[in-house]
Amino acid sequence: MNAVSRRIDLWRARQGSTFDTEQVWVEGAVRARTARRVRTNLRRLEPVAMLTPRWTAPQDFLEDIALDLAVGEPSIGCRTVSFRPLLGRSSAEAWNFILRVLADLANPSWQGRPLPMVVDRRGFYYAAEQMLDEAHTEAPYPVALLAHSCEHVPVDVLEDLALVWARYAERARTDRRCTVLLAGSVDTPALDVGNAARIELGDMGEAEAATALVMQVGAVPPRLLERAAQFSGGVPAVVAALGSGVASGAFPSAPEDMLRAMGPLADELRAAVQSAMRAPDTADRLQDLMLGEPMIEEPSVDRELMMVGLLRHVRGVGPARVELRTAAIIGAAGG
């Protein structure tokens with residue numbers, strides 16, 4: 001057994017099995033609890049500001065939320081959109097992109113009519129408020145805009161969008177029929193819309209990860225499934241990459257084989273680890289966390305490691321603690 005495999009086994013042993021029958025509901029409800037919180041706020045037509053750390057797959061999560069809201073009672077029509085296309089765009093381009101989204105929210109058949117083109121903040125405010133008022137009066141049911149990848153929107157434009165929604169809420173008061181969820185990987189006040197609930201989209205519990213793998217791959221021997229779920233750490237992108245990588249072959253059992261099955265995501269992990277290893281303080285911190293034990297948070301160092309997706313907070317009482325998100329990080333560090 002090579003050094004990387006030994007370290008991963010040590011990490012796994014210290015994590016302890018989470019497939020104990022007394023813990024399965026606790027561990028399995030992590031992502032589901034977040035979904036319930038989001039649905040509750042949106043059903044009340046209250047805005048949500050969501051932090052979506054790297055590799056948490058917010059698009060899949062929000063599409064599931066949209067489906068649940070559409071078929072539930074009361075029914076809410078959702079428009080899910082990624083702001084990733086706005087990366088590197090000017091403020092004017094971002095304003096007009098958002099206006100097209102709002103027009104679709106107000107009326108799905110907007111393609112048949114001309115849309116205003118704006119070149120400044122005042123024009124955006126006027127056109128956006130007009131479209132929200134139209135959605136409020138003409139939509140047959142309440143509507144919600146679920147937007148993710150907000151880190152790609154110019155900050156001033158994101159603040160403009162938040163202000164437009166806050167103004168709408170003030171006009172409508174208790175008669176609101178529109179709401180919004182803004183999700184981004186960077187924690188910024190620009191995500192807030194009025195009194196928006198702040199919710200972090202975390203990783204899956206291991207039971208959820210195992211379920212997701214079975215949905216992708218089919219029947220898997222229980223021991224292999226347990227090892228894969230533990231290896232993934234419940235990180236949604238890792239779970240999806242594992243499932244895709246073994247969909248047409250035998251399910252791997254060794255950590256290095258699971259890392260290889262992850263394909264391009266393994267390269268992303270290696271790049272993140274290499275970036276962290278360039279600075280002595282983050283390199284030392286990462287090496288300590290690779291032993292598998294959660295450690296008391298050191299914000300001055302841990303913030304950077306969280307930004308690149310390598311750490312997460314540990315749920316529980318007492319001082320804030322952090323841990324590696326997935327054992328795949330150990331494999332990426334070794335190769």
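## Basis of the description

The model is predicted, and local features need pLDDT of at least 70, side-chain atom pairs count only at pLDDT 80 or more, while totals for chains, interfaces and linings use all residues. Residues are numbered from 1 along each chain as its sequence is written, and side-chain values use heavy atoms, with hydrogens and water left out.

Strands of a sheet pair through backbone hydrogen bonds, either parallel or antiparallel.

## The packing of α5 and α6

Two packed helices are described by the angle between their axes and the distance between the axes. The axes of α5 and helix α6 (residues 121-138) are 8 Å apart, and the two helices pack at an angle of about 10°, which means that α5 is roughly parallel to α6. In this scheme angles under 35 degrees count as roughly parallel, over 145 as roughly antiparallel, 65 to 115 as roughly perpendicular and the rest as oblique.

On the α5 side the contact includes Trp 95, Ile 98 and Leu 99, while the residues they meet in α6 include Phe 124, Ala 127 and Met 131. The residues of this contact divide into 13 nonpolar, no polar and 2 charged, where Ala, Val, Leu, Ile, Met, Phe, Trp, Tyr, Cys and Pro count as nonpolar, Asp, Glu, Lys and Arg as charged, and the others, Gly among them, as polar.

Another open sheet has 3 strands in the order β6-β8-β7, with antiparallel pairing. Its edge strands are β6 (295-296) and β7 (311-313), each pairing on one side only. Strands β7 and β8 (residues 321-324) run antiparallel and are joined by 3 bridges, and Leu 311 has Leu 324 in β8 as its bridge partner.

Helix α13 lies across β6, β7 and β8, at about 80° to β8, and α14 also lies across β6, β7 and β8, at about 115° to β7. The axes of α13 (residues 280-289) and α14 (residues 299-307) come within 10 Å and cross at roughly 80°, so the two helices are roughly perpendicular to each other. Asp 281, Thr 282 and Arg 285 in α13 meet Val 301, Asp 302, Glu 304 and Leu 305 in α14, and the residues of this contact divide into 2 nonpolar, 1 polar and 4 charged.

## The second largest pocket

The second largest pocket has a volume of about 430 Å³. On a 1 Å grid over the protein atoms alone, a cavity is a set of points where a 1.4 Å probe fits but cannot get out, and a pocket is an open set with protein on both sides within 12 Å along at least five of seven lines; lining residues have an atom within 4 Å of a point. Grid points are joined across faces, edges and corners, and a volume is the space filled by probe spheres set on the points.

This pocket is lined by 18 residues, of which Arg 31, Asp 60, Asp 64, Met 204 and Ala 212 lie nearest its centre. Two or more lining residues come from each of α3 (30-43), α4 (58-71), α8 (206-217) and α10 (236-245), and α4 gives the largest share, 5 residues. By class, the lining has 10 nonpolar, 2 polar and 6 charged residues.

## Two backbone details

Glu 73 and Pro 74 are joined by a cis peptide bond, with omega about -5°, and Pro 74 is found in the loop between α4 and β2. Trp 55, in the loop between β1 (48-51) and α4, has phi near 70°, a positive value in a residue other than glycine.

Key. Helices (H or I, at least four residues) and strands (E, at least two) are DSSP runs, numbered from the N terminus. Axes are lines fitted to C-alpha atoms, for helices over the stretch in contact, and angles run from 0 to 180 degrees between N-to-C directions. Contact means heavy atoms within 4.5 Å. Two strands pair if DSSP finds at least two bridges between them.
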